[in-house]
Amino acid sequence: MSTRLALAFKNLGRNRRRNMATASAIILGYAGLLLLSGFVTRIEKFFRATSIYLNHVGTLSVFKPDGVEKHLLKPKKYSLTPEEQGKTREIMQNLFPENEGIGTSLQGFSLIGNGCKTWPVRITGTEKDLEKRLVNHWSVNQFSAELLRARRGSGIWEFKNITPILVTHKVARNLGKSKIKSLKEDAPPQFSTSDTYDCSDQRFHLRLADDSNVQLAARTFQNDFSAVDAEIVGFYSSGLELLEESAALVPLDALQKLYETDGATKISLFLPWNTPPEPAARRLSEALRNANLDLEVHHYKEFSVNPFYAGFMNLIYVMSSFFLTLAICVVTLTVSDTMTMSVLERSREIGTLRALGFRQNQIIRMFSEEGTLLGLLCLPVGLLIAWLTSLAVNSAEVLFEVPGISTQIKVVLEINAMHSVLLGALLVGVTMLSGWITSVRTANKALVKLLQSHVS
Amino acid sequence: MSSLKMGIRNTLSNWRHSLGAILSVAIGFSALTLFNGYISVVQDMYEDNYRQRSMFGDVMIEKSEDGKEIDFEESRINQAEQNFIANFFDENKDLLDEYVRFLIISGLANNGKTSSIFWGFGYDFEKGRKLREPTWVWNSKAGKPLDQQTSDTVMLGQDISDTFGCVVEKKERLLTKVGGYTPLDRPFKCERDKLQLSVTTESGQINAMNVKVGALGGVGLRGIDSWYLMMSLDRAQQLFDTQDISHMRVRLKDAKMFDTFVQRFNRAAREKNIELRAFDWRDHVIARVYKRTMGLFLMFRNLVTAVILTISGMSVLNAMVKSVNERRREIGTLRSLGFKQNRITRIFSTEGVVIGVIGSILGSIFCIISSLVLNKLEFIYFAGFLSDPVPFVIGLVPNLYLLSLVILCAIAATTAFFASYRAVKSSIPTLLTSV
């Protein structure tokens, strides 16, 4: 083995210039693929952290059958009862003791008003303690920090005696609200209920802007009218541009009070970051079935519960796969081309080796090893180039506008170890195969013909 | 001319040497053209979705600085400003094909059992139809387009129609290969076919109106279709108790006249101290998803092009160096016959161009065949924010083929020049004695 390896080394050194050109093609191909995978990895992590934690999708979520599509149409029918919620939580806890959180949430529509003007919002009710853990999750801090920076004010978990509400910056703007209720005792409000309501008076609007109080109005699950008072305790960003005009977040109990229900739209399970969601969903589904609970389990990669993640990543994966295929083809043919020239040039050498007693498959193996070696030598260089480029790009703090995302995010190229190994193995495989394919025909030629062949 | 002749003759007579380079060019050409062909199709889908389906036309007229974010309610175009626009259009008929008035609407829709936020537009039905020509005249997945219905009907986007329990009786793939839906009045049923729309008017009053769900469709963009509702402009104005509009969208007779139109309009508006501005709809805040998606495509395209061209360039260089090295004696002979050094490098560069052309022709043949095969397979997938699944299609774009040919010929010529440059500098005896 070591003799063959030494021979392969020597042969590569003989045609240094040509092999350098081939190597540079492999190196650049590998570096390009690594950088692309680094970009895709970063985007995927941003979307994953944003949707699972900040938009409460969860790693897994449990709905009533057809509840994903119909919970807004018939909220009462498609809500999880307290009994179902209790049993599901228990099963989740027993099945996945390693979980990072289990949370109930309720979703619906509501009108939010400032006394003069109302604005429709898609409102989410979530458990206060869980919300605190989700916002402070390490992945949110690491991958969706831009969205945290867009937050103003406090979290809903920080208030006890009032109904706190978070609204997006655009909802606040549409309502003409600039005041955020602070945790400290507020100064006496400039606006008092004894003032005369005059919505056509601009001064009155200024007073309204300086008051954090809003009114939430909605139809209850029993189809009656209901309203509650709430205080704006913060502005936040949902992360999704299309939700920015109409998103609001309140504690679960407050929304249940507004809708006059003890039901919930879904229960979300938050599993450790790298847990594959599909097998976990299957396990949970089976456990729920065994407990005679007729409920549906979804995971965050599904189009139905997380359309932005699924749709966007789908496009990115299709484009990347297409590029990967083309890049591999280009590298394969480039290497084959070089190897063909090399094999043809060395026909006489092959003949000599055969005459010395080398078997055909030994010669083919020698060329394959030459290809493998060439590939292996290129990988560290490609990795180094990709790493240096990623360092340069990451330190340049370039901002990038992701379609559908409400804020610019920093371009971070993350060289993924797994992708590096897989892509490297693929490229080495390709170079090995090229060496093998190109040498088979020549090695099988008659010995006399090989010895008589010319250089070109 | 003699260099060209010699280049062609050399390529053909040394075809074994040139084969490697030709193959490298063909591979690079194929990779470049296939990827860019795919990207151009996806770009066209998005463009078509905005320009025709969503009726954006060529130009938008609004009270904003080139589409920057504004408060839509406070920036409506009043009657006097609408008259100014109408007069301007009358005076500039030579540029104008069609224009449509739009009012942005938002509020809460209720069917008696379920409520949902809605967001959308009131617009002139008839004129809107013309803006959707030719691909999206039929823009409804179920029911007839609004221009074929009474003014009290509304069209709901895909997801909001699910919220109101609207179901298309027969589900099928509607998107045709050239874009647009097959014009067919597909029956659908909603839990309740009447909706009550509640909105806040300019004066802060709550206003409500009953409408009929006449069609399901939307604009084909996920997220937007979750709330999307379209209705007639007069009904929308009635609902919001206003005669104002939010903006106008204009389709020009010739999109190339964009600059002329915008300059004329903005000058006229400035002269009359009117805040209105005409600008490219792509710069509008509503089209941000479009712009960002195009930015993403551009980034992918640049990265892929750079990688492919570098790999191909290296491969061609490799082949050319080999070819030159094996013809050192020929170079020596030419030099001894009196050929100047730059004449010889020119011959090799011409040979590079010939190799580029032959490689590109071979690459084109491969691309056309593989595109036709892949397009025939109709692999369906979701392309980002487009709500309808679309087939994986690679576009056959002649300009792209031409551009790839030019780029690869340039690369081949440059590499041939550099490969031959060092050889021709050697002394004639060294060249003539080369093995």
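Which residues of helix H5 (residues 128-135) of chain A are buried? They are A:Leu130, A:Glu131, A:Leu134 and A:Val135. Here "buried" means under 20% relative accessible area, "exposed" means over 50%, and "partly exposed" lies in between, with a 1.4 Å probe and protein chains only. Helices (H or I, at least four residues) and strands (E, at least two) are DSSP runs, numbered from the N terminus.

This is a predicted model, in which local features need pLDDT of at least 70 and side-chain atom pairs count only at pLDDT 80 or more, while totals for chains, interfaces and linings use all residues. Residues are numbered from 1 along each chain as its sequence is written, chains are lettered from A and ligands numbered from 1 in the order in which they are written, and side-chain values use heavy atoms, with hydrogens and water left out.

Let us go back to H5 of chain A. Looking down the axis of H5(A), you would find its buried residues within an arc of 130°, so they line one face of the helix. The arc is that of the directions from the helix axis to the C-beta atoms.

Now try helix H9 (residues 202-209) of chain A, where A:Phe204, A:Leu208 and A:Ala209 are the buried residues. The buried residues of H9(A) fall within an arc of 145° when seen down the axis, so they too line one face of their helix. A:Gln202, A:Arg203 and A:Leu206 are exposed on the other side of H9(A).

**Domains**

Each chain can also be divided into domains, with bounds that come from an automatic or database domain assignment. In chain A, domain 1 covers 2-48 + 310-452 and domain 2 covers 58-300. The contact between them takes 13 residues from domain 1 of chain A and 12 residues from domain 2 of chain A, where contact means heavy atoms within 4.5 Å. The C-alpha centres of these two domains of chain A lie 49 Å apart.

Chain B is divided into domain 1 (2-51 + 291-430) and domain 2 (55-286). Here the contact takes 17 residues from domain 1 of chain B and 22 residues from domain 2 of chain B. Their C-alpha centres are 46 Å apart.

A:Arg48 sits in helix H2 (residues 16-54) of chain A. With a relative accessibility of 10%, A:Arg48 counts as buried. Apart from residues up to four places away in sequence, A:Arg48 touches A:Tyr53, A:Trp273, A:Asn274, A:Tyr300 and A:Tyr309.

A:Val62 belongs to strand S1 (residues 60-63) of chain A, and A:Val62 is buried at 0% relative accessibility. Its contacts, leaving aside neighbours within four places in sequence, include A:Leu80, A:Met92, A:Ile267 and A:Glu296. A:Val62 and A:Glu296 are 234 residues apart along the chain, yet their C-alpha atoms are separated by 5.5 Å.

B:Ala31 is part of helix H2 of chain B and is buried, with a relative accessible area of 2%. Which residues does B:Ala31 contact, leaving aside its neighbours within four places in sequence? They are A:Leu326, A:Val330 and B:Ile308.

**Backbone details in chain B**

Most residues other than glycine have a negative phi, and most peptide bonds are trans.

| Residue | Phi | Relative accessibility |
|---|---|---|
| B:Met55 | near 60° | 1%, buried |
| B:Asn273 | near 55° | 73%, exposed |

B:Met55 is in the loop between helix H2 (15-53) and strand S1 (59-62) of chain B. B:Asn273 is in the loop between helix H7 (258-271) and strand S12 (277-280) of chain B.

The peptide bond from B:Glu133 to B:Pro134 is cis, with omega near 0°. B:Pro134 lies in the loop between helix H4 (125-131) and strand S4 (142-143) of chain B.
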